Amino acid sequence: MFAQIVPLVRAGRYLAPTLTYRFPAEALADLFVGSLIRVPLRNQKATGVIIEILSENTTDLSDSKIKTVDPFTPSVQFSPLQMEWVAWIQKTYHATPSQAWRLMVPVALQKARKTRTPSPFQGVIQNSPEGEDHDLRLQGNFRKPTVLQSLPGVRPLEYFKKIVKKTIEEGRQALWLVPEKSAIPLAIDCFKKSLGDRIAIFHSGLTEAEEGREWWKIYSGHASLVVGTRSALFAPIRHLGCVLIEDEHAWTYQEEQAPYYNAPTAAAALAELHKARLVLSSATPRAESFYKTAVTKEWEWVSVGTRHALSLQTPKIHVVDMREELQKRNFGIFSMPLQKKLSECLEQKEQAILFVNLRGVAGAILCRDCGAGVRCPKCDISLTHHRDKGGILLCHQCGYTEPLPALCPRCRSPRIKSVGLGTERVEQEAKKLFPSARVLRVDQDTSEGENPHLLLQDYDILVGTQKIAGSKPVALVGMVLADIGIHAPDFRSSERTFQQIMTMAGLCKKSGELIVQTYAPELPAIRFAAEYRYEDFMNQELEFRKQWKRSPY
């Protein structure tokens with residue numbers, strides 16, 4: 001008997017995607033598709049997954065040259081649905097079999113480290129979560145994929161608690177995805193008393209031992225609820241009843257290493273496979289989600305709060321035109337309105353946040369007189385300045401190039417250049433303007449493993465990047481250069497700028513204010529965001545996507 005096996009190793013130059021092995025007669029009783037086993041590979045042992053059992057040798061090699069697997073008793077066997085899920089990842093994201101399967105198997109098992117034997121499946125817990133069963137008057141039954149639009153800065157905990165409770169009562173398991181691991185504790189708190197150790201945590205920051213422990217808890221069926229970041233999609237849940245995604249628009253749901261999966265898109269496929277509920281929540285749902293609800297009507301839309309409630313419960317957004325600041329001879333990075341509001345905030349013993357967007361903006365070109373960038377004539381996305389290639393402007397989508405212009409193509413101003421602003425400079429300027437203020441910088445260099453929600457309590461001004469998204473609400477938020485993200489070489493840049501402004505509005509207290517500094521206040525992302533006009537922005541964005549035949553078209 002023979003079998004096709006995917007070795008869980010990084011595919012080398014001479015390694016085929018699947019390998020054929022021979023099995024002794026005494027191993028046939030334990031030979032199942034989906035089993036995790038140890039196989040000889042070159043001069044060592046490797047972990048592999050059986051994906052097909054063959055009655056005869058289908059290779060060009062003689063039977064004697066095919067390696068034999070020692071007798072084994074597999075402790076892990078993936079279900080047919082899990083096999084189908086991996087196949088979908090492999091096909092959709094053009095992944096190798098090894099790349100796709102390694103998402104499913106914890107590092108400890110890939111290395112064949114000793115882990116405890118999984119406990120027999122005991123079924124999911126039947127207890128209800130603590131607290132009252134609130135009448136939330138949900139507008140949908142969540143039987144088909146549902147987009148839950150909430151207010152900026154408001155987590156849909158009560159809605160998610162209701163869905164998780166119903167799922168567990170049905171004898172199935174729930175998966176709750178969050179954009180950052182700092183958001184996990186609050187989700188767990190909703191069920192800590194009722195579920196106890198039947199909650200599993202899953203994210204890339206776990207140690208090998210922690211990952212192995214949580215993985216076995218899920219695989220054995222002991223966990224009723226799995227809470228984690230995007231990697232939790234590949235937790236070995238056998239009885240999936242619902243998939244809940246918080247802030248489904250967040251960029252952290254995009255995997256940046258092969259396979260390059262997008263968590264909300266993959267979650268929709270996973271939920272469909274298991275016939276499970278899918279609920280995606282956000283104050284600013286993705287264009288793809290809006291399309292499936294407003295255009296194709298495949299998904300359901302549920303709004304938390306009315307337009308009247310939105311106008312009452314959201315902070316004011318004040319847009320500052322930085323071109324006017326230049327005309328007033330203010331060449332600093334803080335506009336006069338922002339300086340004034342910061343001063344008032346500090347006098348009132350309130351706290352403030354200064355947001356600096358660093359994601360995807362390296363090499364962006366911007367005219368400081370009219371706010372225009374330089375866009376590709378073929379793709380209509382921003383060109384990127386490459387100093388290492390002779391200073392050319394390059395389109396990262398089609399490869400179009402042109403030299404860096406001496407004058408702005410729109411207004412003929414000579415003040416067109418590469419722009420960018422680091423957190424260190426913003427921190428220094430804040431300390432110079434307000435020497436008595438306690439200024440904290442939170443970015444990749446300073447905050448690894450720290451929670452800005454806790455850190456902010458001892459500071460007056462927080463300067464940070466996207467990592468501040470978990471901070472508590474403050475009186476004032478300033479976006480130092482809000483439109484710089486629009487000049488990133490990505491067709492989603494306008495959508496992400498709109499979402500970013502809404503996210504920052506969510507960090508303000510209801511009575512607070514968001515200052516948006518920009519060189520292009522006329523841009524739709526800025527203009528519509530300042531008025532909380534999500535639907536109007538998305539309708540215009542979809543027209544743009546349709547014209548250029550981009551997702552979701």
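Author: Two strands count as paired if DSSP finds at least two bridges between them. The model is a predicted one. Strand 16 (residues 392-394) and strand 17 meet that condition, since three bridges join them. The two strands run antiparallel. Within this pair, L393 has E402 of strand 17 as its bridge partner.

The pair belongs to an open sheet of three strands, ordered 15-16-17 and paired in the antiparallel sense. Strand 15 (384-386) and strand 17 (401-403) are the edge strands, each with pairing on one side only. From one strand to the next, the twist averages 35 degrees.

Another open sheet is built from four strands in the order 2-1-4-3, again with antiparallel pairing. Its edges are strand 2 (19-22) and strand 3 (36-41), and each of these pairs on one side only. Neighbouring strands in this sheet are turned against each other by 55 degrees on average, with direction ignored. Strand 1 (residues 2-7) and strand 2 are antiparallel and are joined by four bridges. A3 stands opposite Y21 of strand 2.

A parallel pairing is found between strand 7 (residues 199-202) and strand 8 (residues 225-228), over four bridges. I201 has V227 in strand 8 as its bridge partner. Together with helix 7 (residues 208-219), strand 7 and strand 8 make a β-α-β unit, and that unit is right-handed.

The helix packing can be followed from helix 17 (residues 534-547). The axis of helix 17 comes within 10 Å of the axis of helix 9 (residues 287-294), and the two cross at roughly 95 degrees. Helix 9 is therefore roughly perpendicular to helix 17, because angles of 65 to 115 degrees are counted that way. On the helix 9 side the contact is made by A287, E288, F290 and Y291, and on the helix 17 side by Y534, E535, M538, N539, L542 and R545. By class, this contact has six nonpolar residues, one polar residue and three charged residues.

Helix 15 (residues 493-506) also has an axis that comes within 10 Å of that of helix 17, with a crossing angle of roughly 170 degrees. Helix 15 is therefore roughly antiparallel to helix 17, because angles over 145 degrees fall in that class. The crossing of these two helices is left-handed. In helix 15, S494, E495 and F498 meet Y534, F537, M538, E541 and R545 of helix 17. The residues in this contact divide into four nonpolar, one polar and three charged.

Apart from neighbours within four places in sequence, A530 is in contact with I317 and V319. Between A530 and V319 the C-alpha to C-alpha distance is 7.1 Å, while 211 residues separate them in sequence.

Notes. Residues are numbered from 1 along each chain as its sequence is written. This is a predicted model: local features need pLDDT of at least 70, side-chain atom pairs count only at pLDDT 80 or more; totals for chains, interfaces and linings use all residues. Side-chain values use heavy atoms; hydrogens and water are left out. Axes are lines fitted to C-alpha atoms, for helices over the stretch in contact, and angles run from 0 to 180 degrees between N-to-C directions. Angles under 35 degrees count as roughly parallel, over 145 as roughly antiparallel, 65 to 115 as roughly perpendicular and the rest as oblique. Contact means heavy atoms within 4.5 Å. Ala, Val, Leu, Ile, Met, Phe, Trp, Tyr, Cys and Pro count as nonpolar, Asp, Glu, Lys and Arg as charged, and the others, Gly among them, as polar. A crossover is right-handed if, with the strands pointing away from the viewer, the path from the first strand over the helix to the second runs clockwise. A crossing is left-handed if the near helix is turned anticlockwise from the far one by less than a right angle, and right-handed if clockwise.
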